[in-house]
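Here's a quick briefing to read with the structure open beside you.

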Amino acid sequence: MSLLSVKDLTVTLATGSGDAQAVRNLSFDVGHGEILGIAGESGSGKTMTALSLLGLLPYKGRASGSINFNGREILASTKREYRDLRGKEIAMIFQDPMTSLHPMLTIEVQLTEHLLHHRKVSKEAARKVALDLLATVKIPDPAAALTAHPTQFSGGMRQRIAIASALACEPKLLIADEPTTALDVTVQAGILKLLHQLRNDRKLSVMVITHDLGVLSSLTDRILIMYAGSEVESGPTSEILKNARHPYTKGLIAALPGKVKSASKNLTSIEGMPPELGNFPRGCAFHPRCIHAVDSCKNDLPGSLQISASHRIFCPVNPFLSSKEGDK
Amino acid sequence: MEPVLGKQGLKKRLLSGTGFTPFIVRRLLTSILLVIGVTFISFTITQLVPGDPVAANLGQSAYSDPAIVAAFEKEFGLDQPVPVQYIKYLGNLLQGDFGVSLSSKRPVIEDLREYFPATLEIAAVAVFLSFFVGLFLGIVSAITRDKLPDQIIRVFSLTGVSMPAFWTALTAFYIFFFVLGWAPGTGRLEPGGEPPANVTGLFTIDALIAGDFDTFKQAFSYLLLPAMVLAIYAIGVLTRFTRASILEILGNDYVRAARAKGLPEYLVIRRHVLRPALLSIITVAGVAFASLLAGSVLVENVFSWPGLGQYAYRAAIGLDLPGIMGVSMVVATVYIFMNLLVDILYRVIDPQMKDSK
């Protein structure tokens, strides 16, 4: 049984022009100690998926479907049940450690406040946990760091502190929303290595959300690609990278800078723009940008097709093309 | 903006250090400069306004007699050139001499001593009321956003900022005095009431010092309604600003992060939202409180409250330049003091904040 099992998750947000579905019928699992990567462009619903797990959707947002966590249905939780879940069972780190740590509170308060609340430990015990955590995430001089404020640290260090804070109550699942996007490239690798190590040392399940396939390729066990609020393809990382079947995934992989074979060849890109929230195309949302689209794509929602036991795509056309034909 | 003083270590440290004491010293120095600037501006403006103080203060027959006019001008120094008048005024000010009021014929400083405590008394109660009520309503409004409590509070706060003070004063007086009979009436005490021995000039405090609880109760009941009317505007401003400020902070990542930790909502609001919100709230509060003094002119006239507002009104009508200057100085000093207080509170709320010089 997976740690997290999401079925038919649909997230509806209130926009200026009425309700809009940001996530549509999304289903996925995260196993114990597994790292799942969710990838997609901005506005594809990745972050809303994560926030709905914690019941933290933005103002007037709502979710339907089913979210089973550790054998328990949590989507219909009360506020109180959600609070007991957050930080304690499911922790989250955010994109920009410059803004996700409170600028006016000391590191000690930010590392221990949820520990004090959830586990009812003494202040001294909480401080000891905080010191251990800072050492775990490789902050030099943890004792001095406790009394410091976030502004005294660099972006990479702040993200390490945010990770330490997320681990304080020993959660089973860590959601990392674009954990490296706001950081310099040179410190990104360190954060990814840290996440990987935490999974190995603590049997932590991790859900990484990013628009950067490069990040996912080095970190994740499985990848789920989202487009316009829906899954388009999912499978083991190596298989997705080597044998992507959905035209969108292929486009993303072709657009990776590492794929440029010579200086003369320009970076490839997917034509067009991702659709805006509330304005998703009918049928397969990707069809206006898809070179393989046929008439049925415009009207029918694509069903799922298993490529292998763990690899599936949502595209009615492409499985009949070989992977070579799809590359252009 | 800082004057360069000697090279002594202490002076240097006080003027350029980043600690709390140097910060206060620097702010006090700039405050003094500001007060001097205020004297210059208000003096200039009183000279520029059309109107002849001699004509305003002498009767028609006296005004037609050049000898009386000359004597009046000589007595109040009006025959001197304006810059000389200003320098003399500044010199006298340094000795605590605000000049002699043209209308009351008493030293302005004595007038201020008599009238300012009355205003201070209702203003202090109004400040206290509006800060806590405004903050409370603003918080409730923000956390019940778009729900019923928020809707009700928004209507009230909008009404509070939109209604002119003289109208609220009259309406409140009519309802609570004539119709309901809850308020005792006008003035600071009941007619013929004996004020307590003068220590601070604040009747409530003085009554407590004298141990006279009946007078305290009476003085308090008389000041409550004018203070509440005076507070309405500031409550409206603070409620609206607190709500907006909290809603803005609520949208920050660090609030989402705090909620993602599973903290109870009161802790999220108190620790993660209110502290940063307070920084901007006290800025507005400082200005709103200082502007209570301006509101007091109208409120005091409606309630026959013998305070600075009434004095300012009479001084303005009578073109009583020393009186007007005296009131301006008090109001300006209150503004500057409020700003100083706000700056100090900034550093108390966020000790990380270093004075940017």
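**Where chain A meets chain B**

Chain A and chain B bury about 2,200 Å² between them, with carbon and sulfur atoms giving 59% of that area. Keep in mind that this is a predicted model. On the residue level, 27 residues of chain A are in contact with 21 residues of chain B.

- Two salt bridges are counted between chain A and chain B.
- Ten residue pairs are found in polar contact across the interface of chain A and chain B, both residues at pLDDT 80 or more.

**What chain A brings to the interface**

- On the side of chain A that touches chain B, the elements giving two or more residues are helix H1 (46-54), strand S6 (90-93), helix H3 (97-100) and helix H4 (107-119) of chain A.
- H4(A) gives the most to that side of chain A, with six residues.

**A nonpolar patch on chain B**

- Over on the surface, B:Tyr174, B:Ile175, B:Phe178, B:Val179, B:Leu180 and B:Trp182 form a nonpolar patch, and together they have about 690 Å² of accessible area.
- One of these patch residues, B:Ile175, sits in helix H9 (residues 165-179) of chain B.
- B:Ile175 counts as partly exposed because its relative accessibility is 34%, which lies between the 20% cut-off for buried and the 50% cut-off for exposed.

Methods: Residues numbered from 1 in each chain as written. Chains lettered and ligands numbered in written order. Predicted model: local features only at pLDDT ≥ 70, side-chain atom pairs only at ≥ 80, totals over all residues. Heavy atoms only, no water. Patch = residues over 30% accessible without salt bridge, like charges linked within 9 Å, V, L, I, M, F, W, Y side chains within 5 Å. Areas by Shrake-Rupley, 256 points an atom, 1.4 Å probe, with all protein chains shown as cover. Salt bridge = Lys/Arg side-chain N within 4 Å of Asp/Glu carboxyl O. Helix = DSSP H or I, 4+ residues; strand = E, 2+ residues; numbered from the N terminus. Buried < 20%, exposed > 50% of the residue type's maximum accessible area, 1.4 Å probe, protein only. Contact = heavy atoms within 4.5 Å. Buried area = accessible area lost by both parts, 1.4 Å probe. Polar contact = N/O pair within 3.5 Å; in protein donor to acceptor, adjacent residues only side chain to side chain.
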